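Student: I would like to go through a structure with you. Could we begin with strand pairing and then turn to the aromatic rings?
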Amino acid sequence: MSYVAAVCGKGAEVNQVKEQLLQSNPVLEAFGNAKTVRNDNSSRFGKYMDIEFDFKGDPLGGVISNYLLEKSRVVKQPRGERNFHVFYQLLSGASEELLNELKLERDFSRYNYLSLDSAKVNGVDDAANFRTVRNAMQIVGFMDHEVESVLEVVAAVLKLGNIEFKPESRVNGLDESKIKDKNELKEICELTGIDQSVLERAFSFRTVEAKQEKVSTTLNVAQAYYARDALAKNLYSRLFSWLVNRINESIKAQTKVRKKVMGVLDIYGFEIFEDNSFEQFIINYCNEKLQQIFIELTLKEEQEEYIREDIEWTHIEYFNNAIICDLIENNTNGILAMLDEECLRPGTVTDETFLEKLNQVCATHQHFESRMSKCSRFLNDTSLPHSCFRIQHYAGKVLYQVEGFVDKNNDLLYRDLSQAMWKAGHALIKSLFPEGNPAKINLKRPPTAGSQFKASVATLMKNLQTKNPNYIRCIKPNDKKAAHIFNEGLVCHQVRYLGLLENVRVRRAGYAFRQAYEPCLERYKMLCKQTWPHWKGPARAGVEVLFNELEIPVEEYSFGRSKIFIRNPRTLFKLEDLRKQRLEDLATLIQKIYRGWKCRTHFLLMRKSQIVIAAWYRRYAQQKRYQQIKSSTLVIQSYIRGWKARKILRELKHQKRCEEAATTIAAYWHGTQARRELKRLKEEARRKHAVAVIWAYWLGLKVRREYRKFFRANAGKKIYEFTLQRIVQKYFLEMKNKVPSLSPIDKNWPSRPYLFLDSTHKELKRIFHLWRCKKYRDQFTDQQKLIYEEKLEASELFKDKKALYPSSVGQPFQGPYLEINKNPKYKKLKDAIEEKIIIAEVVNKINRANGKSTSRIFLLTNNNLLLADQKSGQIKSEVPLVDVTKVSMSSQNDGFFAVHLKEGSEAASKGDFLFSSDHLIEMATKLYRTTLSQTKQKLSIEISDEFLVQFRQDKVCVKFIQGNQKNGSVPTCKRKNNRLLEVAVP
């Protein structure tokens with residue numbers, strides 16, 4: 001994978017795909033690999049990955065298939081081996097906070113599923129690997145909640161191993177199992193979201209369903225441990241399959257373009273341990289099938305091809321393991337078929353009955369050995385125990401212990417456990433057990449593990465046969481997992497059982513390269529003049545001409561029916577070198593021809609351009625010369641026309657001057673005559689005017705003499721009145737321009753210009769103010785008039801008396817703050833009140849006993865004062881307004897006020913009321929106005945820092961003091977003794 005990532009192209013999208021493909025390995029290795037006696041990082045599952053590439057060779061994505069996870073390792077590990085890596089990585093690398101969330105401890109010895117003799121591996125840092133795995137899961141595309149869910153399932157599997165059972169006898173004599181310590185069970189249920197009683201019953205009872213019947217039986221201790229281990233194995237196995245599917249969702253190719261596929265098969269090798277069980281049998285069966293593919297695609301197919309092509313060939317013998325594959329997978333007498341038949345057989349089924357059946361059916365098979373078979377040659381073989389059988393695989397003889405074959409092949413998980421898992425509140429666990437859904441109960445027996453693996457291997461073999469395989473054989477140099485040690489016997493054994501000797505002999509005796517005639521001729525035809533560029537005859541004849549022309553020795557190649565075979569790779573390398581040199585020569589030729597064509601094309605283009613430019617230039621030059629001639633002609637014409645026009649003008653001017661001279665002389669004469677007549681007329685008029693002026697002066701003199709007698713008596717009074725009238729007129733005209741705005745709060749007024757107008761100035765200011773106030777009031781609606789009347793009333797009652805009053809001036813009085821008519825919560829309260837609600841507000845009613853407050857709804861109507869419960873809307877108290885005698889409050893900045901009731905009235909049985917409200921000024925004002933309107937009597941408003949309140953039979957003094965509040969700026973009320981209630985105001 002690293003090599004593929006290194007040689008592929010680069011780019012943001014390509015790098016992301018490569019990184020996801022690479023980082024899928026650490027995730028799968030953590031959950032699917034474990035330490036064995038031969039390998040510290042052994043794959044305990046088979047993996048086949050299809051990597052998809054585009055036409056450029058860049059990876060587009062991939063698909064992973066997994067085969068036979070060794071889930072028995074979850075509950076039991078051989079000596080010297082470990083459980084899967086993820087358990088140790090989680091306990092070593094997780095933070096303390098994460099371990100607490102998962103209810104885990106860091107000590108390995110606390111968990112029964114973890115072997116302690118090999119918990120630590122030299123050179124392996126589990127903590128660092130855990131961080132690598134979490135980072136890889138993020139890169140692959142796991143969401144945070146998915147990673148958390150996976151770790152919770154892993155923790156649940158670990159804690160399942162700590163559940164222990166004890167026997168308990170029932171009344172009917174049957175044994176029943178009980179859980180010793182339920183603390184582990186409780187923590188598992190908290191992790192998975194399962195009801196504890198449901199999971200506890202699933203570990204103690206088993207329900208068997210037939211068509212119409214359901215039978216519940218108790219589980220003994222052994223069966224309970226089996227159920228616990230089966231649940232742990234299935235939970236981990238299904239989690240691993242979910243991880244593979246989740247990774248496939250992230251790394252699958254997103255585009256639908258045509259793509260090429262490269263498959264990479266990484267599967268467990270042949271295993272021969274001291275104790276070999278069902279898992280090793282299945283693994284070795286898979287390796288037998290892979291060896292059969294190897295034989296068919298390398299040894300058998302290659303030799304058959306030589307015969308098919310009529311190539312002279314000496315057959316090389318090799319071992320064909322098809323007989324071993326048939327022993328295992330034959331549908332009638334195969335070991336897997338008999339194991340399935342034994343698992344499905346009614347009656348008592350054990351591993352011993354399965355071995356007896358093998359001894360009956362396979363006793364005569366040459367690759368099967370058993371001491372209990374009819375074959376007498378193994379009766380005295382002490383290396384073959386009675387409870388075992390041995391198979392001669394292609395890699396050697398393997399001794400299998402029959403114990404556990406039937407149970408592991410059944411892979412049975414009780415339906416009660418499946419249904420308990422499906423009921424989990426954990427979304428991931430619920431999705432892992434779809435068969436637990438009661439609505440989808442399937443009474444059909446699930447397929448066995450052997451049949452499932454056999455079908456998976458068949459699919460894998462079918463897929464491999466469609467590919468062009470390349471084999472990577474790993475040779476193990478020693479069994480000590482150490483460097484620089486070479487065990488010759490071990491290496492020779494591996495070379496023999498892998499069939500490498502036969503493969504080398506076939507390759508050395510055969511031909512290294514073969515190719516059909518048509519592609520061979522197409523590839524190398526440029527090396528011969530007769531075949532280049534086109535060969536018109538048969539392809540084989542063209543190849544013969546080509547090889548004869550190149551003088552290749554006859555022993556280096558052979559002609560088959562449809563292919564040519566080349567023996568030595570050096571011959572092929574020589575052909576490739578010649579082809580490479582010839583391609584370079586052809587490239588040079590192509591370049592030469594192309595450059596010549598390009599230059600000729602450029603020359604023709606330049607020549608054509610030169611012709612076009614010359615034509616355009618000639619046209620331009622002729623146009624410019626024509627314009628010059630035309631311009632010169634116009635200039636000459638204009639000069640001639642000008643000379644002729646000026647000549648005619650001079651003649652006309654001379655003629656006109658002669659005519660104008662006579663006219664001028666006549667005009668001067670007529671002017672002289674007119675001036676003389678005008679001078680005469682002016683002199684005559686001057687004489688007449690002098691007479692008129694003298695007469696006017698004489699009449700004026702006479703009038704003044706008569707008027708002077710009358711004027712001396714009233715002149716001062718007339719002048720004074722006239723002057724005063726002018727000053728007043730000027731004053732009013734200036735006031736007209738300087739009059740202030742019509743706002744009633746505008747106090748600007750022009751200064752008086754004269755002292756004697758002072759009273760007039762003040763009166764005019766008063767009249768103007770009254771006029772503009774009237775204009776302002778005329779704009780009010782009835783509702784606004786009411787609000788301002790209430791504000792005016794509040795000003796008269798509280799201004800300069802209550803410190804809270806200034807802050808209430810700017811707040812409008814709304815009255816019903818609670819919209820009781822619109823709120824369905826107070827429908828019952830609305831139906832109980834028939835009068836108009838003047839004010840509806842939530843207040844704090846002070847408890848008479850301890851000074852603590854309770855929320856109440858304060859309602860004021862035309863005739864009554866009501867208190868109701870805030871939550872239910874039920875009316876607690878109803879007081880007629882005629883029984884309200886006084887309202888008391890402090891002079892400080894608080895919202896406390898007391899409502900005093902008439903002594904002896906029904907409402908005063910429990911005493912007066914003490915409230916606290918954020919709208920004190922408004923409530924007191926409305927209560928005052930409503931009481932005055934209904935009773936025609938003014939309600940007494942007492943403002944004092946100390947006043948008495950009647951509580952039942954006692955009179956309590958309410959005292960207001962200044963103090964530092966712990967809860968900010970909110971006043972607090974505290975009952976000091978039976979006679980004093982103290983209110984601390986900030």
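Tutor: Strands β26 and β27 (residues 980–985) pair in the antiparallel sense over 5 bridges; two strands pair if DSSP finds at least two bridges between them. Strands (E, at least two residues) are DSSP runs, numbered from the N terminus. This is a predicted model, in which local features need pLDDT of at least 70 and side-chain atom pairs count only at pLDDT 80 or more, while totals for chains, interfaces and linings use all residues. Residues are numbered from 1 along each chain as its sequence is written, and side-chain values use heavy atoms, with hydrogens and water left out.

Student: Which residue stands opposite Leu980 in β27?
Tutor: Asn977 does.

Student: What is the strand order in the open sheet?
Tutor: The order of its 4 strands is β24-β25-β27-β26, with mixed pairing. β24 (946–951) and β26 (972–977) are at the edges with a single partner strand each, so one side of each has no neighbour in the sheet.

Student: Now the rings. How many aromatic pairs are there?
Tutor: The structure holds 27 aromatic pairs; rings of Phe, Tyr and Trp (its six-membered ring) pair if their centres lie within 6.5 Å, and planes under 30 degrees apart count as stacked, over 60 as edge-to-face and the rest as tilted. In one of them, the centres of Phe165 and Tyr225 are 5.1 Å apart with planes at 90 degrees, so the pair is edge-to-face.

Student: Is Phe165 buried or exposed?
Tutor: Phe165 is buried, at 3% relative accessible area, whereas Tyr225 is partly exposed at 24%. Buried means under 20%, exposed over 50%, and partly exposed in between (1.4 Å probe, protein chains only).
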